[in-house]
Amino acid sequence: MTALPAIKDASYFDALDAASYLDSRYGEGAPQKVIDGALKYFGRRFALVSSFGSESAVLLHLAAEVSKDIPVLFLDTGKLFGETRRFRDELTDKLGLTDVRTIKPDENDLHTNDPKGNLWVSDTNKCCYFRKVVPLDSALQGFEGWASGRKRFQGGVRSLLPHFEASDGRVKVNPMAFWNKEDVTAYIEKHRLPRHPLVEQGFASIGCMPCTEPVSEGESDRAGRWKGQNKTECGIHLSLAENSRVLSGN
């Protein structure tokens, strides 16, 4: 007797199936096609995550051309440059974004794990975890797909990025995965997009103030992040299992 396939109810969602389907439909598409495809698939269960950093204007402009109402999640770790918060406000107004949500760390978590606000001095992985990974995971409840501005040319674990990937039960969307540095620069110039004010001071990738430095000519864009440490990612683009492994030191 042949077993009947399981009936999937309306709440059924499989991130691997979704990523595979989206990749087959939009995997070769331009960034706006990727965003448009994800929005059609997920509807209000789709969000962008933006640092409002050095190149964030590009992804936000691409998304705004599709819909200005896509939720944009902005992680305010409590350690950001003031320039970043002002740039968030400037870009939100300029692009007409209607749903920018500022996400902050849980006060109880900070009171317990970083009461003096200096955890970054002794353990940057734990600091990133409590100030970025945990708050974002909480903010993503209810979303099944989310996009960010990661690109292959940024190197490291990003060098093989696809447009769609499954992680922790959601689909991560990378509309700009295949763009190079010249594509980004040309788009900024074509659309006359504003740059983060710290770019002109040599900051190429902008995160939290204590762990971000300007880069020298010839260095990679992300060389100024956690400079001198064996750390290249904050953790929000790692799975929760990978974060646990990093925190345990294995």
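The structure is a predicted model. A search of the whole structure turns up three cavities of 30 Å³ or more. The largest cavity holds about 600 Å³, and the largest pocket about 270 Å³. Two residues get a closer look: Arg 150, which is buried, and Leu 75, which is also buried.

**The largest cavity**

- Its volume is about 600 Å³.
- The lining of the largest cavity is made up of 34 residues.
- Nearest the centre of the largest cavity lie Ser 51, Ser 56, Ile 206, Arg 222 and Arg 225.
- Helix H3 (56-66) gives at least two residues to this lining, and so does S2.
- By class, the lining of the largest cavity has 12 nonpolar, 13 polar and nine charged residues.

**The second largest cavity**

- The second largest cavity has a volume of about 140 Å³.
- Its lining counts 15 residues.
- Leu 140, Trp 146, Asp 168, Ile 236 and Leu 238 lie nearest the centre of the second largest cavity.
- H7, S6 and H9 each contribute at least two lining residues here.
- H7 provides the largest share of the lining of the second largest cavity, with three residues.
- The lining of the second largest cavity splits into seven nonpolar, four polar and four charged residues.

**The largest pocket**

- About 270 Å³ of space lies in the largest pocket.
- The pocket has 18 lining residues.
- Asn 125, Lys 231, Glu 233, Leu 238 and Val 246 are the ones nearest the centre of the pocket.
- Helix H7 (124-139) and helix H9 (240-248) each supply at least two residues of the pocket lining.
- Seven residues of the pocket lining are nonpolar, seven are polar and four are charged.
- Leu 238 is among the residues nearest the centre of the largest pocket, and Leu 238 is also among those nearest the centre of the second largest cavity.

- S5 and strand S6 (residues 170-173) run antiparallel, joined by four bridges.
- Ser 167 faces Arg 170 in S6 across the pair.
- Two residues sit between the strands of this hairpin.
- In the hairpin, Asp 168 has a positive phi near 50°.

**Arg 150**

- Arg 150 sits in the loop between strand S4 (145-147) and strand S5 (164-167).
- Arg 150 counts as buried because its relative accessible area is 4%, under the 20% cut-off.
- Its side chain makes a polar contact of 2.5 Å with the side chain of Glu 165.
- A polar contact of 3.3 Å links the side chains of Arg 150 and His 237.
- Setting aside residues up to four places away in sequence, Arg 150 touches Arg 158, Leu 161, Glu 165, Lys 172, Asn 174, Met 176, Ala 177 and His 237.

**Leu 75**

- Leu 75 belongs to strand S2 (residues 72-75).
- Leu 75 counts as buried because its relative accessible area is 9%, below the limit of 20%.
- Beyond its neighbours within four places in sequence, Leu 75 is in contact with Ser 50, Leu 80, Ile 103, Arg 131, Lys 132, Pro 135, Leu 136 and Ile 236.
- From C-alpha to C-alpha, Leu 75 and Glu 213 are 19 Å apart in space, and 138 residues separate them in sequence.

Key. Residues numbered from 1 in each chain as written. Predicted model: local features only at pLDDT ≥ 70, side-chain atom pairs only at ≥ 80, totals over all residues. Heavy atoms only, no water. Buried < 20%, exposed > 50% of the residue type's maximum accessible area, 1.4 Å probe, protein only. Polar contact = N/O pair within 3.5 Å; in protein donor to acceptor, adjacent residues only side chain to side chain. Contact = heavy atoms within 4.5 Å. 1 Å grid on protein atoms, 1.4 Å probe; cavity = no way out; pocket = protein on both sides within 12 Å on 5 of 7 lines; lining within 4 Å. Points joined across faces, edges and corners; volume = space filled by probe spheres on them. Nonpolar A, V, L, I, M, F, W, Y, C, P; charged D, E, K, R; others polar. Pairing = 2+ DSSP bridges.
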